[in-house]
Amino acid sequence: MSASHDVVIVGAGGAGLRAAIAVSETDPRLSVAVVSKVYPMRSHTVSAEGGAAGAISAEDSLDEHAYDTISGGDWLCDQDAVESFVAEAPRELMRLEHWGCPWSREPDGHIAVRAFGGMKKKRTWFAADKTGFHLLHTLFQTSLKYPNITRYDEWYATRLLVDDGRVCGVVAIELMSGLIETITGRSVVIATGGGGRVFPFTTNAAIKTGDGMALAYRAGAPLKDMEFVQYHPTGLPFTGILITEAARAEGGWLLNKDGYRYLQDYDLGTPQPGPVLRSMELGPRDRLSQAFEHEVEKGRTIDSPYGPVVHLDLRHLGEKIIDAKLPMVRELCRDYERIDPVHDLVPVRPVVHYMMGGVHTDIDGATALPGLFAAGETACVSINGANRLGSNSLPECLVFGARAGRSAALHAADAPRPGPAVEKQGHDERRRLDNDLFRRDTGTDRISTIRKRMQTILEDAAGIYRDGDTLTKAADELRELRERAATAAVDDTSRRFNTERVAGLELTGMLELAECIVHSALRREESRGAHQRTDFPERDDNRFLAHSLVHREPDGSPRVSHLPVTITRWPPGKRVYGR
Amino acid sequence: MSDQITLRVARYRPEEEDGEPAFADYDVPLRQDWAVLDGLNYIKDELDGTLAYRWSCRMGICGSCGMMVNGEPKLTCATFLTDLAPGPVRIEPLDNFPVIRDLVVDLTDFMHKLGQVKPWLIRDEEKPVEEREYLQTPAELADFKQFSMCINCMLCYAACPVYGLDSNFVGPAAIALAHRYNLDSRDEGDRERLTILAQPEGVWDCTFVGECSAACPKGVDPAGAIQQAKLAAAQEAVKSLLLPWRSK
């Protein structure tokens, strides 16, 4: 059985839905398939809290947004991409307003903007602190009015179909029935988000297993800058639930065990009572997470059952501001930590939050494979460089989701229909999946055992600070794990809603990504942004003002090469905060 | 306090030989900060990989993990085991939906209804994006904000006795969403949506039991939305009697 469309989009979060609508806007006659392993409103965009950056105020400028982004990214951003991004972000956010997004407002009815980490001006649009939730629901609800969009909700894509070098669809499992089907299209957009679940402690939802990156990588598209993994400085211990940066933008303080605003010791400025842009608690995430590690070394953190923590202090903001600007922070603290930030200090620690790397694309979302496009966290354009600034990821989903959708639409108009080779690939994949399902009940390892081991290896080797020896050992062990994962037990042999089967498929993809992260980190013998090597503590622009590209060799092992960064107007400089 | 608690989990695997609905007991650690969902994940990872359920964000915003916990519809990520001790804790799929398997229910009907109420901004004339935003004061935003907070977790449908008897009822979340757009100062689509809300399976089916609002984990108050929508529908009905040329 097979279904045929013009454009197939994998992933139904911010980038995927924006791409689907962009295809419809470009040419409403094109038939669009949106394939997602969860219902669209479950996508992880829903969890984004603080906001979306787009320069609109009279005091702000596109150049300042570009400079903050580029310096925040430690000069690893492609500056042509950043220039397009900052120019299109306000327009995309305005479009969301026209589609009904309940943006927070000024008293006169205009859009309100707030401060955010690493940003020199107030330019972050927000819908209280549920910005991602409102953005996703607005996109999803708006997408319902386009009759040319067909959704495949709760379908898990297992491979890309490639005919004569061109990507022309996917094979996917319908979870409800277990049916395995080919869904063909003349172009394919991947927008499945990141893969924070390769780490043990993450803000990322269970679904964030990097499926789309693995799909593209296996089909031959290189992944870019995978060593750059963002730790957000303020996650709740145990759950890893994110406490938004907006909490600090509204005036929250980070305190060590002595009640001291320790960031002043790390070249991030001097403490003032109120929030100061690009200073102290509003420094960039990489620098704040690194400062935490140093506080641990100095013995100035607080012990908790889940390791060392520091305190986020919001008490001086008062109940009124917290309820108006940070209602979700209060809700999350109450529901999940049983504390009230109006009266209590909030324990926090750095937590894996975002992958700057992803499928290598150009500025139009095109990957190295004809017919394959990518956008959002799955992709690496790169506007985020070595460290993403908070509130740039939601507009990235919109700007590059729209760009990838338009590119996919144009490509679909000219590309030929998929040829007969595709049917055979679909047949082969169906057989592979069925063999796999019914052969695995005798495996010795549990999926969860291998997953946990992978997560521990990555946290130890590819955490906030890294070194060559540990990375080398991790690479070896991950290769072994990849072999073991292929035979790990799947007890569940039924076709209907088999989540264990999906977990097994996710795990094999995650192991490949884990290897990509470790190998890219090993080859980058410098420290830049979120990638800090204790054995190479300085940034090295002579050797590494370059993106890492990981290619998959025929035996499944990763091969790393480098690609120069595009510099337009901002030559590499020193990152200065707090001054 | 014991360091274990029993989860009595509804199992249903129609493909299997012994696939009749039944309960299975699993002992899981009883930890201070474990939610019911952590217990289920412990079962899945350590005890029985065949258990099927949905979850994702585990922070109460994605709406995936709604189940009946001791007979009440709950988000399992936000319902804590210590509050249910000593147990056993009965965990079942959400009421009023067909069960696909184990704790996974079929949402096809709701997804269809969601599209039916036209949950998007409808304008007589759309302004170009270049002309910037539709102005909306904080007070105008506050008029509908509460009804925009629905996470589609389906707890209200599981709680709704009317939906339990008649699945044609549009239901609390979908009506609340329609009402959210009707109340939005930027929207001009209320009469279009009214034709759906005012049909027999629309707002009039609701007997105002209020169970939906009690079950809602996000304070949306769908019952309030339905009551307000009834009033709007009644006013519209009176208008169309008095001013028949206004109706479409």
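In chain A, 75% of the contacts with a separation of 6 or more are between residues 24 or more positions apart, where two residues are in contact if their C-beta atoms, placed from the backbone, lie within 7 Å. Before I go on, please keep in mind that this is a predicted model, in which local features need pLDDT of at least 70 and side-chain atom pairs count only at pLDDT 80 or more, while totals for chains, interfaces and linings use all residues. Residues are numbered from 1 along each chain as its sequence is written, and chains are lettered from A and ligands numbered from 1 in the order in which they are written.

Let me stay with chain A. It has 15 helices and 24 strands, these being DSSP runs numbered from the N terminus, with helices as H or I of at least four residues and strands as E of at least two. The radius of gyration of chain A is 23 Å, close to the 25 Å that the globule rule gives for 579 residues, so chain A is as compact as a globular protein of that length; the radius is taken over C-alpha atoms, and the rule is 2.2 Å times the number of residues to the power 0.38. Along the principal axes, the C-alpha atoms of chain A fill a box of roughly 65 × 55 × 50 Å. Of the 579 residues, 63% count as buried, a term that requires 20 or more other C-beta atoms within 10 Å of a residue's own, with 12 or fewer making it exposed, anything in between partly exposed, and the C-beta atoms placed from the backbone.

Now to one sheet of this chain. Four strands of chain A form an open sheet with mixed pairing, in the order β1-β10-β9-β8, and two strands are said to pair if DSSP finds at least two bridges between them. Which strands stand at the edges? They are β1 (2-4) and β8 (155-163) of chain A, each with a single partner strand, so one side of each is left without a neighbour in the sheet. From one strand to the next, the twist averages 25 degrees. β1(A) and β10 (residues 180-184) of chain A run parallel and are joined by three bridges, and in β10(A) the bridge partner of Ser4(A) is Thr184(A).

Helix α11 (residues 421-439) of chain A packs on this sheet, touching β1, β8, β9 and β10 of chain A, and its direction makes about 140 degrees with that of β8(A). Helix α5 (residues 211-219) of chain A, in turn, lies across β8 and β9 (166-174) of chain A, running at about 20 degrees to β8(A). For these angles, axes are lines fitted to C-alpha atoms, for helices over the stretch in contact, and the values run from 0 to 180 degrees between N-to-C directions.

Next, the contact between the chains, which takes 46 residues from chain B and 47 residues from chain A. On the side of chain B that touches chain A, two or more residues are given by each of α1 (36-47), β6, α2 (108-116) and α3 of chain B, and the largest share, three residues, comes from α3(B). The residues of that side divide into 21 nonpolar, eleven polar and 14 charged, where Ala, Val, Leu, Ile, Met, Phe, Trp, Tyr, Cys and Pro count as nonpolar, Asp, Glu, Lys and Arg as charged, and the others, Gly among them, as polar.

Chain B itself is assigned domain 1 (4-105) and domain 2 (108-242), with bounds that come from an automatic or database domain assignment. Their C-alpha centres lie 30 Å apart, and the contact between them takes twelve residues from domain 1 of chain B and 13 residues from domain 2 of chain B.

Finally, the local backbone. Most residues other than glycine have a negative phi, and most peptide bonds are trans. Another cis peptide bond joins Ala85(B) and Pro86(B), with omega about 5 degrees. Asn96(B), although not a glycine, has a positive phi of about 75 degrees, and with 20 C-beta neighbours inside 10 Å it counts as buried. Asn152(B) also has a positive phi, near 55 degrees, and this residue is buried, with 24 other C-beta atoms within 10 Å.
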